[in-house]
Amino acid sequence: MAEAVISNARLGKMVFEPILEEGVFRFDCSADDRNAAFPSISFENAKVRDTPIVNVHKVPTYIPTFECVMGQQIVNMEFPPNTSFYGTGEVSGQLERTGKKIFTWNTDAWGYGAGTTSLYQSHPWVLVVLPDGEALGVLADTTRRCEIDLRNASNIKVISSSSYPVITFGPFASPTDVLVSLARAIGTIFMPPKWALGYHQCRWSYDSDARVREIAVTFREKSIPCDVIWMDIDYMDGFRCFTFNQERFPDPKSLADYLHQTGFKAIWMLDPGIKNEKGYHVYDSGTESDVWIQSADGEPFVGEVWPGPCVFPDFTQSRARSWWANLVKDFTSNGVDGIWNDMNEPAVFKTVTKTMPESNIHRGDTDLGGRQNHSHYHNVYGMLMAKSTHEGMSLANKQKRPFVLTRAGFVGSQRYAASWTGDNLSTWDHLHMSIPMVIQLGLSGQPLSGPDIGGYAGNATPKMFGRWMGVGAMFPFCRGHSETGTIDHEPWSFGQECEEVCRLALRRRYQILPLIYTLFYFAHTKGIPVATPSFFADPKNLELRSHENSFLLGPLLVYASTSKDQELYQMQHKLPKGIWLSFDFEDSHPDLPALYLKGGSIIPVGLAYQHVNEANPTDDLSLLVALDEHGKAEGFLYEDDGDGYEYNKGGYLLTTYVAEHQSSVVTVKVFKTEGSWKRPNRRLHVKLLLGEVAMISAWGIDGEVLQIQMPSDSELSYLVLASEKQCRIRRESAKRIPDSEVSGHKGTELSQTPVEMKSGDWILKVVPWIGGRIISMENLPSGTQWLHSRLDVNGYEEYSGVEYQSAGCSEEYSITERGVEHAGEVESLKLEGDIGGGIVLQRQIHVSKENPKVFRIDSAIVARSVGAGSGGFSRLVCLRVHPMFNLLHPAESYVAFIAIDGSKHEVWPESGDQFFEGDFRPNGEWMLVDKGLGLALVNRFDISDVNKCLVHWGTGTVNLELWSEERPVSRDSPLKISHEYEVTRLP
């Protein structure tokens, strides 16, 4: 090892040893660091990471360098130009991650945006795709907060607390090979019960037994496929876990029996926060068993969540996991089919950090790392809770496969639970973002994930919801979910046209369930991902590497339009190299994705059932066949009981089908089988794809050789042209979903598209139609997003009075001017909103050529048409600038400034609200400092405009407010505040 010591810092190349299998290496800063590393929680078997393998003479192709300074270990890896980065787990924004920086710190991130740097799960993992299509993976095996910096092209920088190992997988021939190798380390996805791959319907909340039954009946009456209905937190008695509200859910077992009889499963929520209440049986038994997380003083930590004051199980202890598992076991006797673990980052209310103190104590098992503070175990808390829940369901019925959904997770949580992408928004941006988010989780070892279809927060429009259902029906996990206070978001809630699109979309899903279930068998047994980016079919194609409108389910390519103004069949479809044959189920529709099958492939297709248990093994089976350039094709079908574990004893049937074109005949047959299951006696319908959704077909018996006579060239041309015409007519005659709001639905303005300003060092998103607010403020050089908010609340707002949310924050603003290269400005935006009484609030946002690092806001309250009887003066007004900034490191953030009187100030979160007036005002500049980032957001202003300043700390947020004087305005005497923002590095 080449190591140097410079001013108490160590740096050099990392030392390595081979582990697991050929091509996998563990890197440490030194042998001492290797011995000091904490046990692995991500590896399925921690000993594998710590045990070198022998007789391996291969050396790593890429060796990381390190620097250890001030308790931090900084790791760098360099790769060739045109290298692409993926993975990093649950992240928002773009598919290709170059240029991004994230922090692994599980965070309750309601309403996150494309630039949010910490979401609900942590995956310190990067999938590296080299220019030639080969790939390798990089895992920083630490549970602690970790910075993954990909802002420099072809460079990975990882920063976390010392000491932690870095594991590399490869280079291997393809990205899939890397993920298979990763799965051998961290474990594969649990084998889901087949019903869990159907459609799930959820809402916060279906508030009564009667409402749940009504939802179930409506699905069946409208013939919309669905397998699962979910119960959110309101089923509980006062939000106490493992209880039921006796008025609204008096007999959960009876409800479950009813749902089972009509083909539904029932999933119920369990949160980690246990009400701190003597006499509540869960609290009492947990206290007796001594399972609670402790504060630094050794007493049980109490934090506020939904039930009020709560204590939290310490899932790092085996006795706590066993205690929880037994509670789950008893709970499932109520007819519970699956469990939803929410709020398990863990989320805590009424605290700046949105979680518990990092100084809290976990008395962890030795093999997990022993007694440590919360900063060590925070990122794995949700995974350990999911593990405990999974074990409890197994205890309840060993003949059933558990199904658990978790919001928080870590590398390895796929062994116990599925995931979803958290509290997204009902916007077109989030619809588009759902594709790369699901793919990134799959590229990080979690193949069973999906978004809240239609968006959780806000109200979808019919067109958006239909489009989202079209693509969401193709995701590995398929669930619709919406927040309390929003309009109904069931498939029939947006009019008949949208309902029909949803019906078609879900019928598609159920028809391809044999393929999806087969893909999950391979994911479970081999670690092969289920949904992958399109470039996986053409890894050398650099253009496809950033393509986000399509994805693969095995050999099936799903191509969607996720833009409000972009029609699917008017956009160019970028396909991987080779043969890709389009097809449909005689259901082509402009708002449904296009489907393509890769040449050389065969996929199994079933009937469009209303629910999974409606299927019978003897039902007709279809095969879709797409021949390659050699006239051959191959595909697989996996079958078992759909639940239970008989497949582990050979109780399954895995069939390999092949097709070959010889002379003028295509022969389809069974090539080989695995498993002890006897082939069902069923008819086989083979459909040979010809292109442009044309196909020819033949019927036979499954297991017997089937032959199809190929048409002549002229017949083939006629079939393709006729089919193309028929498909076009079907699309053109389809009833389009109206591009409008549903009558009586409130809040659909959330679906409009914000105005984006991209210039200089900044990307800003502005919502003119709700208060002219800025909802996103992203600084490009630092890769930081200082502000992100809902469309209808928070963000950057301005008021016309001293009262909170006075006129100006919610009115509809109009854009009076938008300039590019105008008057020396790169881009400017002028807005104006009528705030009543003859006065308007004006705002101009602009970035200058001379200093693109800064963006400036000039705001004014102006009298426009004040009546003569008032003497030309308005009512009493105050221009109040109210930006709400998001804190990435709340415990390391503060506001700093030098006052007019020369005094220095540092305002920390624990100081509460503070006004600064007179000579105690900042002298024209104050800054929001984030020591964790090493950055400050500087806010400069004209002190003559500002009468007082306010610092207000919220939960993970801070407001830096500027207030003008309070007085009437006239045409000649407006109130004005001019100020600007810049990001600077701390010295």
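**Exercise 1. Find which elements pack against the buried residues of helix H11 in this predicted model.**

Step 1. Start with the neighbours: the buried residues of H11 pack against strands E15 (199–201), E28 (452–453), E29 (478–480) and E31 (550–553). Helices H10 (428–442) and H12 (496–511) pack against them too.

Step 2. Now look at H11 itself, which spans residues 462–472 and is mostly covered, with eleven of its eleven residues buried.

Step 3. Check the names in your viewer: the buried set includes Lys-463 and Arg-467 as well as Phe-465, Trp-468 and Val-471.

**Exercise 2. Work out how helices H6 and H7 are oriented and which residues meet.**

Step 1. Take the geometry: H6 (residues 281–289) and H7 (residues 318–331) pack at about 155°, and their axes are 11 Å apart.

Step 2. Angles over 145 degrees count as roughly antiparallel, so H6 is roughly antiparallel to H7. The crossing of H6 past H7 is right-handed.

Step 3. List the partners: Val-282, Ser-285, Gly-286 and Ser-289 of H6 meet Arg-319, Trp-323 and Leu-327 of H7. Sorted by class, this contact has three nonpolar, three polar and one charged residues.

**Exercise 3. Explore the largest nonpolar core and the surroundings of Trp-268.**

Step 1. The largest nonpolar core holds 181 residues, and Trp-268 is among those with the most contacts inside it, along with Phe-169, Tyr-235, Phe-403, Phe-551 and Leu-553. Helix H13 (residues 513–526) gives this core its largest share, nine residues.

Step 2. Zoom in on Trp-268: leaving aside residues up to four places away in sequence, Trp-268 touches residues including Met-231, Tyr-235, Phe-244, Phe-331 and Trp-340.

Notes:
Residues are numbered from 1 along each chain as its sequence is written. This is a predicted model: local features need pLDDT of at least 70, side-chain atom pairs count only at pLDDT 80 or more; totals for chains, interfaces and linings use all residues. Side-chain values use heavy atoms; hydrogens and water are left out. Axes are lines fitted to C-alpha atoms, for helices over the stretch in contact, and angles run from 0 to 180 degrees between N-to-C directions. Helices (H or I, at least four residues) and strands (E, at least two) are DSSP runs, numbered from the N terminus. Angles under 35 degrees count as roughly parallel, over 145 as roughly antiparallel, 65 to 115 as roughly perpendicular and the rest as oblique. A crossing is left-handed if the near helix is turned anticlockwise from the far one by less than a right angle, and right-handed if clockwise. Contact means heavy atoms within 4.5 Å. Ala, Val, Leu, Ile, Met, Phe, Trp, Tyr, Cys and Pro count as nonpolar, Asp, Glu, Lys and Arg as charged, and the others, Gly among them, as polar. A nonpolar core is a set of buried Ala, Val, Leu, Ile, Met, Phe, Trp, Tyr and Cys residues joined through side-chain atoms within 4.5 Å. Buried means under 20% relative accessible area, exposed over 50%, partly exposed in between (1.4 Å probe, protein chains only).
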